Amino acid sequence: MDIINLIIFLAVGALAGWLAGIIMKGRGFGAIGNIIVGIVGAVLGGFVFGFLGITTGSLLGSIIMATIGAVMLLFVISLVKKS
């Protein structure tokens, strides 16, 4: 992975984390929090999408997949925090 791919990966993670924060809580988590939530969400979304046989080939598809994964992550976290 070269530096450009790393920057794109972090930017997609930050954007996905920010979008998930807006969808789930109405606000973001700060730059570092958004990146972490987005990256973990991207991994979770990639696993779920792969399990379902869905592929994303574009940057927009990657952002959508990471955002869906991040929303799922935040949903599970909110369930754990409530109990």
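So, let's start with two helices: H1 and helix H3 (residues 59-82) pack at an angle of about 50 degrees, with axes 8 Å apart. Helices here are DSSP runs of H or I with at least four residues, numbered from the N terminus. The axes are lines fitted to C-alpha atoms over the stretch in contact, and angles run from 0 to 180 degrees between N-to-C directions. That makes H1 and H3 oblique to each other, oblique being whatever is left after under 35 degrees (roughly parallel), over 145 (roughly antiparallel) and 65 to 115 (roughly perpendicular). H1 passes H3 in a right-handed crossing, that is, the near helix is turned clockwise from the far one by less than a right angle.

Quick caveats. This is a predicted model, where local features need pLDDT of at least 70 and side-chain atom pairs count only at pLDDT 80 or more, while totals for chains, interfaces and linings use all residues. Residues are numbered from 1 along each chain as its sequence is written, and side-chain values use heavy atoms, leaving out hydrogens and water.

Next, single residues. Ala20 sits in H1 and is buried at 0% relative accessibility; buried means under 20%, exposed over 50%, and partly exposed in between, using a 1.4 Å probe and protein chains only. Ala20 and Met72 are 52 residues apart along the chain, yet their C-alpha atoms are separated by 8.8 Å. Over in H3, Phe75 is partly exposed at 44%, and its C-alpha is 14 Å from that of Leu19. Phe47, in helix H2 (residues 31-52), is exposed at 59%.

Now, which residues make the nonpolar surface patch of about 870 Å²? They're Met1, Ile3, Ile4, Leu6, Ile7, Ile8, Phe9, Leu10 and Leu59. Patch residues need over 30% relative accessible area and no salt bridge, with nonpolar side chains joined within 5 Å; a salt bridge is a Lys or Arg side-chain nitrogen within 4 Å of an Asp or Glu carboxyl oxygen. Seven of the patch residues, the largest share, come from H1 (residues 3-24). Met1 lies in the segment before H1 and is exposed at 76%.

Key: Patch = residues over 30% accessible without salt bridge, like charges linked within 9 Å, V, L, I, M, F, W, Y side chains within 5 Å. Areas by Shrake-Rupley, 256 points an atom, 1.4 Å probe, with all protein chains shown as cover.
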